[in-house]
Amino acid sequence: MAGGHPGGMASFRAFRYTAPMDFIPFARPAIGREEEEAALRVLRSGWLTTGAETQAFEREFAAFLGADGGRTLAVNSATSGLLLALDALGVSGENAVVTTPYTFVSTALAALHLGARVYYGDIEEDSFNIDPAAVEAALNAHPEIRAVIPVHVGGNVCKMDEIGAIAARRNAAVVEDAAHAFPARTGAGFAGTLGDAGVFSFYATKTITTGEGGMAVFKDPQGARRAEVMRLHGIDRPVWNRYGAARASWEYDVVEPGWKCNLPDILSAIGREQLKKANLLYGERKKIAGEYTRAFEDWDFLTLPPDSGANAWHLYVIGIRADKLRIGRDAFARLLQDAGIGVSMHFIPHFRFTWFKKNLGLREEDFPRAAQRADSSISLPLWPGMTGEMVQRVIESVGRIGTEQYARKR
Ligand SMILES: Cc1ncc(COP(=O)(O)O)c(C=O)c1O
């Protein structure tokens, strides 16, 4: 199968957390000796910006995706990748996209920066992902929609078959926001390779990280070519080596007003080492998620995170059931923090942001499922290198708070 490099246990031990146990952070990157040495290699090489390391990272990432992948471009963030992918697939001020309000703000900002209109569909009843029926309704109501942007929230892969078929009927492109989803895989292939283009994030909390960074994957070589040009100012040819070679040409042309979205070699070198460990890091996440699920399964005061079976387990999101407890989500989360457990919330939906309410006229009542999830969700610590003891402490803290706050009379 396509599926990358084996990871060594020595690397894994190097990022095992050894700090005092009074606080368990919500997230922590798994950086070992290999990443340190790779960064040092680049620092000493005389070449810091985009160059040979980035080209190698792109090739190795494409090899990891194997036959599922396409043309693969390293970018300085998934946000930049989304901008480039949407632009390459024809999203502009003349048209629109449809996505979910239950995502990080950059999913929509990428389209807004292109001047496109953003329409939203509510999430599914039983998951954090966009409801294919809502995608269909938006496409029927707004024929100007050029692209659908499904988001694999927490790494749990959307119903891509259904979404792809609906988009195809309306001639809309599919750009996957796979920021959370590396390296989740369905029967049809890796998340991020299931649409026309897909974008991964290497932000500090992701399965593999470069601190900041991302990778955009394109099915269509022409779209990829456009994105490559737009990634570096709209310059018409690769110019990264124009200072490095004795006979390099200083000639170039600018054929479009592009952006600056390239990934520098220091970060790519770190990414290459992380990629070698990707399956190992993913395995750790899956294992911890499995331990949480086994512990939480019988507790009726919480709901478990949805799992389609193709899940990168970027996040482990529990739902706090207001009908079973005397306290709500915010108080539950505070009590976890008091117990030294780092928590987070994914996501504040776009209809709760000032700019979106004012300019897109978004109304909470149009997205009842997203609103319900936003009021009840808590993301728990989930990162490779958490010790078994840490996982147990998270479980015990959730259990103790749930038991103490249980509304027995109901
Ligand atoms: C769903 C989603 N999409 C896109 C992004 C943007 O990623 P980046 O920080 O790499 O730009 C994020 C950020 O974490 C995200 O959560």
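Residue numbers start from 1 along each chain, in the order in which its sequence is written. Because the model is predicted, local features need pLDDT of at least 70 and side-chain atom pairs count only at pLDDT 80 or more, whereas totals for chains, interfaces and linings use all residues. Helices (H or I, at least four residues) and strands (E, at least two) are DSSP runs, numbered from the N terminus.

An open sheet holds seven strands in the order 1-9-8-5-4-2-3. Its pairing is mixed. Two strands pair if DSSP finds at least two bridges between them. Strand 1 (71-75) and strand 3 (117-120) stand at the edges. Each has a single partner strand, so one side of each is left without a neighbour in the sheet. Neighbouring strands of this sheet are turned by 20 degrees against each other on average, direction ignored. Strand 2 (residues 96-99) runs parallel to strand 3, and four bridges join the two. Within this pair, V98 has Y119 of strand 3 as its bridge partner.

Strand 4 (residues 145-149) and strand 5 (residues 173-177) also run parallel, joined by two bridges. Here A147 is partnered with A173 in strand 5. Strand 5 is mostly covered, with five of its five residues buried. A residue is buried if 20 or more other C-beta atoms lie within 10 Å of its own, exposed if 12 or fewer, and partly exposed in between; C-beta atoms are placed from the backbone. In a regular strand the side chains alternate between the two faces of the sheet. In strand 5, A173, V175 and D177 point one way, while V174 and E176 point the other way. All of these are buried.

Three strands form an open sheet in the order 10-11-12, with antiparallel pairing. The edges are taken by strand 10 (302-303) and strand 12 (377-380). Each of these has a single partner strand, so one side of each lacks a neighbour in the sheet. Strand 11 (residues 316-320) is joined to strand 12 by four bridges, and the two run antiparallel. V317 stands opposite S379 in strand 12.

Two packed helices are described by the angle between their axes and the distance between the axes. Axes are lines fitted to C-alpha atoms, for helices over the stretch in contact, and angles run from 0 to 180 degrees between N-to-C directions. Helix 2 (residues 33-45) packs with helix 9 (residues 265-276) at an angle of about 150 degrees, and their axes are 8 Å apart. Helix 2 is therefore roughly antiparallel to helix 9. Angles under 35 degrees count as roughly parallel, over 145 as roughly antiparallel, 65 to 115 as roughly perpendicular and the rest as oblique. On the helix 2 side, the contact includes E34, A38 and V42, and on the helix 9 side it includes D265, A269 and R272. Two residues are in contact if their C-beta atoms, placed from the backbone, lie within 7 Å. By class, this contact has seven nonpolar, one polar and six charged residues. Ala, Val, Leu, Ile, Met, Phe, Trp, Tyr, Cys and Pro count as nonpolar, Asp, Glu, Lys and Arg as charged, and the others, Gly among them, as polar.

Helix 4 (residues 78-88) and helix 5 (residues 106-113) pack at about 45 degrees, with their axes 9 Å apart. That angle makes helix 4 oblique to helix 5. T79, L82, L83 and L86 of helix 4 meet S106, T107, L109, A110, A111 and H113 of helix 5. This contact has six nonpolar, four polar and no charged residues.

Most residues other than glycine have a negative phi, and most peptide bonds are trans. The bond from F182 to P183 is cis, with omega near -5 degrees. P183 sits in the loop between strand 5 and strand 6 (185-186). The bond from H346 to F347 is also cis, with omega near 5 degrees. F347 lies in the loop between helix 11 (329-338) and helix 12 (354-360).

N171 is not a glycine, yet has a positive phi of about 60 degrees. N171 belongs to the loop between helix 7 (160-169) and strand 5. It counts as exposed because it has 10 C-beta neighbours inside 10 Å. W313, not a glycine either, has a positive phi of about 50 degrees. Its place is in the loop between strand 10 and strand 11. W313 counts as buried, with 25 C-beta neighbours inside 10 Å.
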